[in-house]
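Dear colleague,

Please find the structure below.

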Amino acid sequence: MIRILLAEDEEAMRTYLARALENAGYEVVSVDRGTEAVPLLEHQHFDLLLSDIVMPEMDGIELAQRCAEISPATKVMFITGFAAVTLKANREAPSARVLSKPFHLRDLVMEVERVFADSPMTGNLR
């Protein structure tokens with residue numbers, strides 16, 4: 001099963017996204033900040049890091065950079081409601097996908113499916 005680490009500081013959005021991804025058949029571990037995600041990346045396997053960009057303590061771009069160091073095989077996808085932040089994300093993490101808020105849950109699931117359709121990896125187990 002594909003494992004997703006979801007980092008989203010807004011509780012309602014985090015719950016909403018986790019439920020949609022779980023209903024689509026993914027295993028989701030969710031945290032409310034990047035600093036909470038780093039130790040999970042260090043000690044567990046995740047196929048995808050799905051992160052909000054604007055978060056307290058550590059933003060999503062910094063988290064993605066740490067993820068690339070810790071777990072280079074983990075794919076990265078950002079979610080954001082800020083157009084200017086989208087441009088920065090594209091510049092700082094060019095291989096990451098960016099999904100702009102607002103979006104429909106079906107769009108999120110389709111983007112996640114595309115991430116794995118573009119890759120020969122389909123949920124390595126450790």
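Among contacts in the chain between residues at least 6 apart in sequence, what percentage join residues at least 24 apart? The share is 64%, where contact means heavy atoms within 4.5 Å.

Please note that this is a predicted model, in which local features need pLDDT of at least 70 and side-chain atom pairs count only at pLDDT 80 or more, while totals for chains, interfaces and linings use all residues. Residues are numbered from 1 along each chain as its sequence is written, and side-chain values use heavy atoms, with hydrogens and water left out.

**The chain as a whole**

The secondary structure consists of five helices and five strands; helices (H or I, at least four residues) and strands (E, at least two) are DSSP runs, numbered from the N terminus. Along the sequence they follow the pattern β-α-β-α-β-α-β-α-β-α. Of the 126 residues, 48% count as buried, that is, under 20% relative accessible area, with exposed meaning over 50% and partly exposed in between (1.4 Å probe, protein chains only).

**Helix α5**

Helix α5 covers residues 105–117 and has 13 residues. From its first C-alpha to its last it reaches 18 Å, close to the 18 Å expected at 1.5 Å a residue; the expected span is 1.5 Å times one less than the number of residues. Its buried residues are Leu-105, Leu-108, Val-109, Glu-111, Val-112, Val-115 and Phe-116. Seen down the axis of α5, these fall within an arc of 160°, so they line one face of the helix; the arc is that of the directions from the helix axis to the C-beta atoms. The face turned away from this buried side carries the exposed residues Arg-106 and Ala-117. The buried residues of α5 pack against β1 (3–7), α1 (11–23), β3 (48–52), β4 (75–80) and β5 (97–100).

**Strand β3 and Asp-52**

Asp-52 is placed in strand β3. Is Asp-52 buried or exposed? Asp-52 counts as buried, because its relative accessibility is 5%. Leaving aside neighbours within four places in sequence, Asp-52 is in contact with Ala-7, Glu-8, Asp-9, Gly-60, Ile-79, Thr-80 and Lys-101.

**Helices α2 and α3**

Helix α2 (residues 34–43) and helix α3 (residues 60–70) pack at an angle of about 10°, with their axes 10 Å apart. Axes are lines fitted to C-alpha atoms, for helices over the stretch in contact, and angles run from 0 to 180 degrees between N-to-C directions. The angle makes α2 roughly parallel to α3 (under 35 degrees).

Yours sincerely

Notes: Angles under 35 degrees count as roughly parallel, over 145 as roughly antiparallel, 65 to 115 as roughly perpendicular and the rest as oblique.
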